[in-house]
Amino acid sequence: MRSLCASIISVALLAASVGVVAGQAEGAPSPRAPVPSLGCGVSDAEPGVFQLQTLVVGDDERRWSAFVPQAHDGMSPVPLWVQVHGKDGWSLPEVERIRPTAERFGFVVVSPEGNPANPAWLWQKEDREVDLTRANPDIAFVEALLDHLGRSLCLDLARVFAVGQSQGGYLVNGLACVLEDRL
């Protein structure tokens, strides 16, 4: 039952991310006007790439995985799907799981990774109240990742979505509160 519910939610979010709404044909343009990122026209990202990468945020080197679909030509903005793993999860399996759908519907999928030594999110390790500000190391990481991707890929900033699994869902809730202007 739990996986059925997760599947229904994923399908609904996927439909919203690619602009499919009731009465709208698949492949029809989204009702929202695209907002191109800075990477449009200058992106040299190779479509089809599926890899683990790193990004330095503050004093920490953080890992993330991404898949860029063939639809990414560097000129036409494509949606971004941020897939957040649960406790003890890793970014590569998250991207691998979504990759066929991302290719089919033409959106970039990225998965930030928790602490590399122990793949939980940093806020899960501290015995204190969750910091729902941009100073939270996990939120700062996702925001820096969004900045990086916006400069290096041609993204539609009006269609950036985040989905979390299990404890990654808690992080997505925090992202929705703090980065509401970005998601």
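β3, α2 and β4 form a right-handed β-α-β unit in this predicted model. Both strands of that unit, β3 (residues 78–84) and β4 (residues 108–112), run parallel and are joined by 3 bridges. Helix α2 (residues 91–105) packs on the sheet, where it touches β1, β2 (60–67), β3 and β4. The direction of α2 makes about 30° with that of β2.

**The chain overall**

- Counting up the secondary structure of the protein chain gives 4 helices and 5 strands.
- Reading from the N terminus, the elements go α-β-β-β-α-β-α-β-α.
- Of the 183 residues in the protein chain, 42% are buried.
- Take the contacts between residues at least 6 apart in sequence: 74% of them join residues at least 24 apart.

- The 5 strands make an open sheet with mixed pairing, in the order β1-β2-β4-β3-β5.
- β1 (50–57) and β5 (155–164) sit at the edges with a single partner strand each, so one side of each has no neighbour in the sheet.
- On average, neighbouring strands of this sheet are turned by 25° against each other, ignoring direction.
- β2 and β4 run antiparallel, with 4 bridges joining them.
- β3 and β5 run parallel, and 6 bridges join that pair.
- Helix α4 (residues 167–178) also packs on the sheet, touching β3 and β5, and its direction makes about 140° with that of β5.

**Who pairs with whom**

- Trp81 has Val109 in β4 as its bridge partner, and Trp81 also stands opposite Phe161 in β5.
- For Val82, the bridge partner in β4 is Val110.
- Trp64 has its bridge partner in β4 too, namely Pro112.

**The strands on the inside**

- How many residues of β3 are buried? The count is 7 of the 7, so β3 is largely enclosed by the rest of the structure.
- β4 is also largely enclosed by the rest of the structure, because 5 of its 5 residues are buried.
- In a regular strand, side chains alternate between the two faces of the sheet.
- In β4, Val108, Val110 and Pro112 point one way while Val109 and Ser111 point the other way, and all are buried.

**Nonpolar cores**

- In soluble globular proteins, nonpolar side chains tend to be buried together.
- The largest nonpolar core here has 27 residues, and Trp64, Leu80, Val110 and Leu149 are those with the most contacts inside it.
- At least two residues of this core come from each of β1, β2, β3, β4, α3 (137–152), β5 and α4.
- Which element gives the largest share of this core? That would be α3, with 6 residues.
- Another core lies apart from the largest one and has 8 residues, among them Phe67, Val95, Ile98 and Val163.

**Two serines in loops**

- Ser37 is in the loop between α1 (2–17) and β1.
- Is Ser37 buried or exposed? Ser37 has a relative accessible area of 6%, under the 20% cut-off, so Ser37 counts as buried.
- Setting aside neighbours within four places in sequence, Ser37 is in contact with Gly150, Leu153, Cys154, Leu155 and Leu157.
- Ser166 is found in the loop between β5 and α4.
- With a relative accessible area of 59%, over the 50% cut-off, Ser166 counts as exposed.
- Most residues other than glycine have a negative phi.
- Ser166 has a positive phi of about 55°, although it is not a glycine.

Definitions and conventions: Residues are numbered from 1 along each chain as its sequence is written. This is a predicted model: local features need pLDDT of at least 70, side-chain atom pairs count only at pLDDT 80 or more; totals for chains, interfaces and linings use all residues. Side-chain values use heavy atoms; hydrogens and water are left out. Two strands pair if DSSP finds at least two bridges between them. Axes are lines fitted to C-alpha atoms, for helices over the stretch in contact, and angles run from 0 to 180 degrees between N-to-C directions. Contact means heavy atoms within 4.5 Å. Buried means under 20% relative accessible area, exposed over 50%, partly exposed in between (1.4 Å probe, protein chains only). A crossover is right-handed if, with the strands pointing away from the viewer, the path from the first strand over the helix to the second runs clockwise. A nonpolar core is a set of buried Ala, Val, Leu, Ile, Met, Phe, Trp, Tyr and Cys residues joined through side-chain atoms within 4.5 Å.
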